[in-house]
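I opened this notebook to record what I looked up in one protein model. The entries follow in the order in which I made them.

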Amino acid sequence: MTLLTRTCKEVAALLIAREDRTLRLGERLALRIHLRICEACPRFERQVLSMRNGIKQWRNYTNSD
Ligand SMILES: [Zn+2]
């Protein structure tokens, strides 16, 4: 179980890393478990996801220029 236990700090790092690379199965599991038991991290995940959309729009914008 400790294998799948992550601190909020580690989870935040994983959420950001997920934008750049595919997470390993253990990382994805740990992330899912932590997001289920934590209150703060799901909120942070939403921020990362909306940031991703913002970056996508920004990229489209610069590409069309
Ligand atoms: Zn957390």
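**Entry 1: Glu 27**

I began with the side chain of Glu 27, which makes a polar contact with the side chain of Arg 21 at 3.2 Å. A polar contact is a pair of N or O atoms within 3.5 Å; within protein, one must be able to donate a hydrogen and the other to accept it, and residues adjacent in sequence count only if both atoms are side-chain atoms. I noted that the model is predicted: local features need pLDDT of at least 70, side-chain atom pairs count only at pLDDT 80 or more, and totals for chains, interfaces and linings use all residues. Residues are numbered from 1 along each chain as its sequence is written, and side-chain values use heavy atoms, with hydrogens and water left out.

I then looked up the backbone nitrogen of Arg 24, which lies 2.8 Å from a polar atom of the Glu 27 side chain. Glu 27 has its place in helix H2, residues 25-37; helices here are DSSP runs of H or I with at least four residues, strands are runs of E with at least two, and both are numbered from the N terminus.

**Entry 2: Cys 8**

I next turned to Cys 8, found in helix H1, residues 8-17. Cys 8 counts as partly exposed, because its relative accessibility is 39%. With residues up to four places away in sequence not counted, Cys 8 touches His 34, Cys 38 and Cys 41. I also checked Cys 8 against Thr 62: they are 54 residues apart in sequence and 34 Å apart in space, C-alpha to C-alpha.

**Entry 3: the whole protein**

I counted three helices and zero strands, in the pattern α-α-α along the sequence. The radius of gyration is 14 Å, well over the 11 Å that the globule rule gives for 65 residues, so the protein is more spread out than a compact globule. That radius is taken over C-alpha atoms, and the rule is 2.2 Å times the number of residues to the power 0.38. The C-alpha trace spans about 50 × 25 × 15 Å along its principal axes. I recorded 23% of the 65 residues as buried.

Technical notes: Buried < 20%, exposed > 50% of the residue type's maximum accessible area, 1.4 Å probe, protein only. Contact = heavy atoms within 4.5 Å.
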